[in-house]
Amino acid sequence: MKIKGVIFACSAGALWAVSGIMCQILFKEYLVSPEWLASTRLLAAGGLLTGISFFQRSVPRKNFSSKDLLSLVLFSLIGMLGVQYTYFKAIQYSGAAIATILQFTGPIFIFIFLVLHKEKRINLRETALLIVTFISVFLIVTKGEVETLNISAAGFVMGIASAITLAFYTIQPRKLLVKYGETRIAGLGMLIAGLTFQLIHPIWRPDFQMDSYSLSLVSSIIIFGTALPFLFQLSSLRFIEASLAGVLTVTEPILATLLSVLLFNSQFTKIQLLGFVGVIISVILLTRLSDKKIVPEDELTD
């Protein structure tokens, strides 16, 4: 069963990477605003998954208790909306490289939370592997050229905020997923976040020239870059612990770098190769060390 969780988490990261390349095309060629794209992708993907959940029979239809409804709203606003908005703002203030590096500190926050809540014990080998993974991602994204990084105070704050909201998104809804199903929670979470995002940038005010190519990119981002990867990431939590699920999304910066080399003629360096090797080794070892964390049945009752 563990392999299912690994596949789900890695697939989520891979799809986010492909989505990032499509977003980059929209930003560069069509000057699409990140706010409009986030607003649209959340609202449309949320509506799609919520609609699909109504036809699923594998999960019993349950009404939300007042406590669970509050938990769902918090997940939507802090997790779904928060991780989208803060990541895009980090890109705006300091660039994609800084935003990616800072957001990937999310697994560290997940690990700290689980230790503080006594769901995990401090393991020196696991801690060391987390550090190696982060350093490897840093090498992949920056090519080891630290002096070229330009980070503003606002970019740093938004990047760390994106990491914290990513950790919240991964940890907070675990009980909801077991009670109500991944598709329903992911769909409603996106839908609530998307509706709230209309206050930031309404979907009916696109700020770019729409044509068949741009619409196909937006549609692909909604389905393959939002609905599926968020669903996969939440589904992985049924089979593996939250800290491992967070680490396995390392496939996003790896694949994004590879695609940038292939599509945008970026240069691939030996430092990046070293980073790839470090990520692969550390993730394999982390997967071997990690055990599945199951939410106890008695914790599911109100």
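The legends below describe close-up views of a predicted model.

**View A. Helix H1 and the loop after it.**
Helix H1 covers residues 2–29. At 1.5 Å a residue, its 28 residues should span 40 Å, and the end C-alpha atoms are 41 Å apart, which agrees. H1 is followed by Leu31, whose phi is positive. Leu31 sits in the loop that joins H1 to helix H2 (34–53). Its phi is near 55°, and the residue is not a glycine. Most residues other than glycine have a negative phi. Leu31 is exposed, with a relative accessible area of 64%.

**View B. Lys118 in the loop between helices H5 and H6.**
Lys118 lies between helix H5 (106–116) and helix H6 (124–142). Phi of Lys118 is near 60°, again a positive value in a residue other than glycine. With 75% relative accessibility, Lys118 counts as exposed.

**View C. Thr142 of helix H6 and Ile98.**
Thr142 belongs to helix H6. Its relative accessibility is 5%, so Thr142 counts as buried. Thr142 and Ile98 are 44 residues apart along the chain, and their C-alpha atoms are separated by 8.5 Å.

**View D. The salt bridge between Lys89 and Glu35.**
The whole structure holds 4 salt bridges, and one of them pairs Lys89 with Glu35. The closest N and O atoms of Lys89 and Glu35 are 3.6 Å apart. Lys89 is in helix H3 (residues 66–94) and Glu35 in helix H2, so the pair ties together parts that are 54 residues apart in sequence. Lys89 and Glu35 are both buried.

**View E. The salt bridge between Lys179 and Asp68.**
The side chains of Lys179 and Asp68 form a salt bridge with an N to O distance of 2.8 Å. Lys179 is in helix H8 (residues 174–180) and Asp68 is in helix H3, and the pair links distant parts of the chain, 111 residues apart. Lys179 counts as buried at 11% relative accessibility. Asp68 counts as buried at 8%.

**View F. The salt bridge between Glu182 and Arg238.**
Glu182 and Arg238 meet through their side chains in a salt bridge, 2.3 Å from N to O. Glu182 lies in helix H9 (residues 182–197), whereas Arg238 lies in the loop between H10 and helix H11 (242–248), so the pair ties together parts that are 56 residues apart in sequence. The two partners fall into separate accessibility classes: Glu182 is buried, at 11% relative accessibility, while Arg238 is partly exposed, with a relative accessible area of 32%.

**View G. Tyr213 in helix H10.**
Tyr213 is part of helix H10, which takes in residues 212–236. Tyr213 is partly exposed, with a relative accessible area of 39%. The C-alpha atoms of Tyr213 and Gln233 are separated by 28 Å, with the two residues 20 apart along the chain.

**View H. The two sides of helix H13.**
H13 has 20 residues and reaches 29 Å from its first C-alpha to its last, close to the 28 Å expected at 1.5 Å a residue. The buried residues of H13 are Gln272, Gly275, Phe276, Gly278, Val279, Ser282, Val283, Leu286 and Thr287. They cover an arc of only 165° around the axis, which puts them on the same side of H13. On the face turned away from this buried side are the exposed residues Lys270, Leu274 and Arg288.

**View I. A nonpolar surface patch with residues from helix H13.**
Leu258, Phe268, Leu273, Val277, Ile281 and Leu285 form a nonpolar patch on the surface. Together these residues have about 490 Å² of accessible area. Helix H13 (residues 270–289) gives the most to the patch, with 4 residues. Leu273 is found in H13 and counts as partly exposed, at 46% relative accessibility.

**View J. Cys10 and Cys23.**
Cys10 is partly exposed, with a relative accessible area of 23%. Cys23 is buried, with a relative accessible area of 5%. A disulfide is counted where a pair of cysteine sulfur atoms lies within 2.5 Å, and by this rule the count comes to 0 disulfides.

How values were computed. Residues numbered from 1 in each chain as written. Predicted model: local features only at pLDDT ≥ 70, side-chain atom pairs only at ≥ 80, totals over all residues. Heavy atoms only, no water. Buried < 20%, exposed > 50% of the residue type's maximum accessible area, 1.4 Å probe, protein only. Patch = residues over 30% accessible without salt bridge, like charges linked within 9 Å, V, L, I, M, F, W, Y side chains within 5 Å. Areas by Shrake-Rupley, 256 points an atom, 1.4 Å probe, with all protein chains shown as cover. Expected span 1.5 Å × (residues − 1). Arc of directions from axis to C-beta.
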